[in-house]
Every structure is written in C-alpha cells, then in structure tokens.
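User: I would like to go through this structure step by step. Please show it, and then I will ask about its parts.

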Amino acid sequence: MSTLREKLTEPGGFVIAAELVTSRGLLSQHTGRALHEIAHQLASDPRFDLLSITDNAGGNVMLSPETLARSLVEVGQEVSIHLACKDWNRNGIESRLWEIASDGFHNILALSGDYPVAGHEGVAAPVFDIDSVGLIKLLSDMNAGMLDSRAPGGRLDPTSFFIGCAVTNHKLHEREVMPQYFKLAKKVAAGAEWGFNQIGWNARKDDELLKWVGAAGVPVKLIANVYLLTRGVARVFHSGKVPGVVVSDELLAAAERYGADADKGRSFFVDVAAKQVAVARGLGFSGAYIGGHMPFETYDEILNRAAQIGDGWLDASRDLHYDRPGEFYLFGRDQETGLSDGRERAEYLESRRRRQTDLKVPARYRASRLMHETVFAQDAPLFPLGTRLYRRLEESPRSLQRAAHLVEQAAKVPMFGCQDCGDCSLPDIAYVCPEGPCAKNQRNGPCGGTRDGLCEVYDSECIWAQAYERLKAYGEERELVSGPVVIKDNALRGTSAWANTFLGRDHSSRQHGNPTESKETAK
Ligand code: SF4
C-alpha cells in the first residue's frame, strides 16, 4: 500500500481517509471490539487510504490511538495518529513520539487539543505545556535529528514523521478567520506538510480556504472534512458544545425536518456527506476525511453516492451553503457558482485601508507599543541601558533584585494581569497576556475552539482575536503570527521577565540569537 506521503504527492491523487474515535475501556470490551471490527473492515477496503485515530477527542479520556493503530499497521493499513498537547508536557510528548516512531508510525496529526472536560474523580488538569505549533517544531527537530542533551555534541537518530495539522476555517468573524489562515501558514513553515480542516457545511468557505492557500503560496496538502450528521449530533453541534464545530440554524432546521422521517434522516445525511466528498474532489482538495459514527456499510454508501455525483459536483455544491448571518469571507462570492471568486472583497480592503476594527483598541496597547519600541525591543534605543542596569542588578544583593521584580509586577499585574511566567509573550500577542486569559496558553496563534470570537473555555474575547484587532489598527494584522515559533521556558517562572529579556534568557532573545547570560534561579 502507498504511504500517505506518496498518495498525497501523486499528481491528481485523492485520498480517502476515515476518522476513528477510540472507545472507553479495554479494546476487548464490547465497544472496543465493535470499533476494531469496523477499523478492519475499512482496512480491507482498498478505497480507504488512511485511517486516522483520535486522541481523547472532545477532551474525554479514551483508549490511546496507538492501541488500535498497532493492529492496523500489522495488516498493512496506513494510519495517522492524532497527538494533542492537552494531556502531556513536552517531555511526555517526546517520549511518546519515540515510542510511536519505534512502533513504525509516521503520520502524526499535531493538535493543541480540546480542553479536558472529564476525568477520574473530577476534571483532569489541562497541560498545554506547548501548543500545536510548538509540537510541529518538536516533530521537525526530531526529523532533523535532535541534539542529544545527554551526550554533548551528539545527535539522536532522525525520525521520519510526516507531519499533519488542522485548520478551523468555518468561523464567524474576520478576527477569527484571518488568524486561522495565518496560523496555518505558520504551522506549515514550522514543518507541517498536510492537514485537514474542521467540520463545516459551507462549500464557499472551503473553496476560499483552498484559494487562500494557493494565493499565499502555502505548500500544504489539504484534505476536506466530511461528517455524517444525525439529528441528535446536529443538535449537539448547534448548541456549541463541541469546540470549533458549527451547525447553522438552517442546517439544524433541515436536520430536524429530515430527522422526523421514517429513516430518521439517514438518506438525507448520507446524501450530504456524499456531496461533501464529491465537492471536495471538485474543488481540488487532496482528499476527503470522513468522520461520524457509522457502520462500514454507510461509509460504502457515502463513497458510492459520491462517485455517482462525480462531475455533477458543482450542482451538488449548491446544497452545501450552510453559513450564518454576518459570516466573514475574505474573498467575494462567484455569482455563477456561489463559490469563492478568489478576489479580496472591496469591503474588506476598505476596512483594511481605514484600519477599521470591530473591537476597541485600548490606550494601554498604544502606550505599550511605544514602551516596547523605546526600551524592550532588541534594537530599541534604551535596550543597552536596560541590559547594563540588569547586569548590575544580577551582582546586587537578592533583596534589591526582589525589589526590582516587585516594581515590574506592580506595573504588569494591573495592566496585563501578569502571572509571572518569566518568559514574556506580551510583544508576540499585541500586549495580551496568554497565561491567564488563554485557557490553552496558545502562544503561536488561536486554537480552533473559539465561539464567535469568545474563548472556548472562558466567556472572554479570545486573546488572538484581540491581538488581531489591535494590530489591524496599525495595518499590521498580517504579521500576527509571522515571528518564529514561541515555546515558553518553564525554568523562568517566578523570575523577572524584564531581567530575562535584557539578559538574553527568554524565548525572544533565543530567537534573536543572543547569548544567554547566567540563570536567575530563585524568585
Ligand atoms: S511575563 Fe508571562 S505572565 Fe507576565 S505578562 Fe508576560 S506572558 Fe503574561
């Protein structure tokens, strides 16, 4: 069987993938056995190029994907393992990756992951030590042969991960859609080569995603998400309980209408999924990624129906326009097809020209920019003075260092809600702190879970939506995540972030290639 990499690079190739959500409990248990049986039925069907296995999807604890994947690899099935950052810190992930690579798995889908919602004797603590972009960098570094920290000068054998990522393009606001596009580009720059989008039933939005990727020259193979709904699942998605997944009022109404039929809407839902597959092929996606709970026969039915639609995909796409009132599109609507015309809309361009924002830009942001450009940026006029000052402080009594740290906190706590992480990302996120208000500590762009601009977990505006608006006020929003990958150094927690900046110890200094000065070890 061809590998996923080979399949995706075949000219005109179109990959068929199925998503398998693992069950709770032992694989030998009833639900585990049922999933195992479906997985092996899919593996025996040559139309399925890839079986993609989730990692504690929805934040619920489930059987690890590797357990199911091992038996599939034994029968020659190509699999991809989802790897999320919510339950593991970077060391746990790296260790797990050595195991995954040693077991012969190569296709990894790198995700930040859904916020945990359950656990033994209470809800589990979320980890989010790194985010999806940090994970992609880790995978890339492993592929390059990482320096062996225990053997100076030595390198570990390179892995050969084929790195995948996700993008959530079915969003409502400009401040959600555009950051998703930019973050996709960042993931690809960090090493992702393939990916798929979040569930959605809007062909114009999917067309726009592909056209944006083409126009921006982002070298990624995208597989389109296809999902088999039921009336019950449509209700859950519509309620907003699944992060990043949206069922519009119109689609819910259709699900309710057809769901009242004798077959509970099955033929309608299969038809919609088949149209999604056919439209994905017609639009130029590199494949279709079929999700939903169904027996093998339903997968078969969806693919057969999609094959029947074939060249009629454009007509079929007219039935996949379930968007929401006020939904943002970067590109205009093609009047003939109802799809994307690939040209930036005049209203969008005008709003850029006028630097018009939907959220108010606070005065403290403008002041913070000025302060950064004057003092904290590596090329700021007062940066050398700050460096000299903090070098002297390093040699001063601890009480003086603590006093300076207190002064810093007195300024940063009221202004930014600083949590004293010591490795400051304020300049990376337009002076919004990621530690408190971001439940997943996303330092490289927004996760896919926002609910019409709000955080997936808290009822506050997503920090990256705020940052987008602030930067747009200066015509800089396209630079939102254009910097190097940010990975926080936890050794700096509780130490002075200003000292760490001036003395070259934080991530921004590492990115500028500045030498690290002696570590401040105590609070
Ligand atoms: S030092 Fe850390 S916690 Fe404090 S403002 Fe900066 S990013 Fe937030």
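Analyst: Helix H6 is mostly covered, with 15 of its 17 residues buried (under 20% relative accessible area; exposed is over 50%, partly exposed in between; 1.4 Å probe, protein chains only). Helices are DSSP runs of H or I with at least four residues, and strands are runs of E with at least two, numbered from the N terminus. The model is predicted, so local features need pLDDT of at least 70 and side-chain atom pairs pLDDT 80 or more, while totals for chains, interfaces and linings use all residues. Residues are numbered from 1 along each chain as its sequence is written, and side-chain values use heavy atoms, without hydrogens and water.

User: Which residue follows H6, with a positive phi?

Analyst: H6 covers residues 174-190. The residue that follows has a phi near 135°, and it is Gly-191.

User: Is Ser-80 buried or exposed?

Analyst: Ser-80 is found in strand S3, residues 79-84. Because its relative accessibility is 0%, Ser-80 counts as buried.

User: Which side chain makes a polar contact with that of Ser-80?

Analyst: A polar contact is a pair of N or O atoms within 3.5 Å; within protein, one must be able to donate a hydrogen and the other to accept it, and residues adjacent in sequence count only if both atoms are side-chain atoms. At 2.6 Å, the partner of Ser-80 is Ser-52.

User: How far apart are the centres of domain 1 and domain 2?

Analyst: The domain bounds, from an automatic or database assignment, are 4-317 for domain 1 and 363-511 for domain 2. Taken over C-alpha atoms, their centres are separated by 33 Å.

Definitions and conventions. Expected span 1.5 Å × (residues − 1).
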